[in-house]
Amino acid sequence: MRINEFASIRWDIRTEPVLCPPILSPIIADPSIIAPEDSPDGRWHLFAHSIYGIHHHISEDGIAWRRLKTIAKNAMRPCARKVDSHYVIYYEKYRPFHILFSWAPIKWKSSIQMRISDDLVIWSAYSNILEPSLDWMRDDKYGSSVSNPCLVKMDFGWRLYFSASLAYVPDCGFCEPRHIAYADSACLTGPYDVHPKPIISPVIDDPWRNLAAGAIKVIPLDDGYIGLQNGIYIDNNTGRSGSAILLLESKDGIRWNKLKNEPLIRPTDGWMRSHVYAVDAGFSESIGGWYLYFNARDDWHWTKGKEKIGMAIGKIPS
């Protein structure tokens, strides 16, 4: 598939969420998908985090999900992928229980870890992959962060896209990632060579990412790369924050441009009222098209809002 073909996909967004938070957690977020053709049992597998850690879910149809076990505690924002005959999961690891007190004036500190599995059930011990080692990965007031990993196979080996640093969202009372960057490695487990500067940062006059860059999921295509970015913004008319899914394109995976000026998915109402972010997407033969999973927030402040996971199916018009 080429970039212009992907841009022509029409997305059918389900009106209701496909996954709601577990009991006592206000969120289930940052879905990452293993489609049936890549899974060891021919079923859909979804990894997402709540306040308890990263949970594993399975489904026969990609819509009705059953939660299995928590595979990583004090962890969030997973990226699960099949690599040859194995499966890998990368995720943001934070200090014990810190997500429960993220509203408190305690500086955030996180890193990126990875684990390997042969069957999506038994996982290896973790390996540390990235630490917030450069100045732009830290904020003097809010702390240091590397997060939102996205693994992509390259000719030379592997590229790990990730988010870094923190930007405070005033009407939500929590932080979101400020920059997007990448690191390269010849080996899946590293070491990863971090590019010295971010490749996407907030732009003050961009209506869809004037506060923070958020995160990106990158899809290799025949003539380049598609990026699905959730920019964080402050609406100049209402003064409220928001997040929407932007469609980007790149020839080299480093220099990115908007493929469309308007978002692919934006806040609407109900369970998608305030923010839409954190996607994963891919092609699946089982549905004869593209799938896109995302999480959305129904209110702004952390004491009020809940986050649920939605789904869209995309097909190229005939």
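**Close-ups of a predicted model**

**View 1. Who sits around Leu292?** Leaving out residues up to four places away in sequence, Leu292 touches Trp11, Leu228, Leu264, Ile265, Val279, Asp280, Ala281, Gly310, Met311 and Ala312; a contact here means heavy atoms within 4.5 Å. Keep in mind that this is a predicted model, where local features need pLDDT of at least 70, side-chain atom pairs count only at pLDDT 80 or more, and totals for chains, interfaces and linings use all residues. Residues are numbered from 1 along each chain as its sequence is written, and side-chain values use heavy atoms, with hydrogens and water left out.

**View 2. The largest nonpolar core has 21 residues.** Such a core is a set of buried Ala, Val, Leu, Ile, Met, Phe, Trp, Tyr and Cys residues joined through side-chain atoms within 4.5 Å. Buried means under 20% relative accessible area (1.4 Å probe, protein chains only). Phe6, Ile219, Ile226, Leu228, Leu292 and Phe294 have the most contacts inside this core. Among the elements giving it two or more residues are helix H1 (3-7) and strand S21 (289-297); helices (H or I, at least four residues) and strands (E, at least two) are DSSP runs, numbered from the N terminus. S21 gives the most, with 4 residues.

**View 3. Strand S8 (residues 108-117) is largely enclosed by the rest of the structure, because 8 of its 10 residues are buried.** Strands pair if DSSP finds at least two bridges between them. S7 (residues 86-94) runs antiparallel to S8, joined by 8 bridges, and Tyr87 partners Ser117. S11 (residues 143-144) runs parallel to S8, with 2 bridges; here Lys109 partners Ser144.

Definitions and conventions:
Buried means under 20% relative accessible area, exposed over 50%, partly exposed in between (1.4 Å probe, protein chains only).
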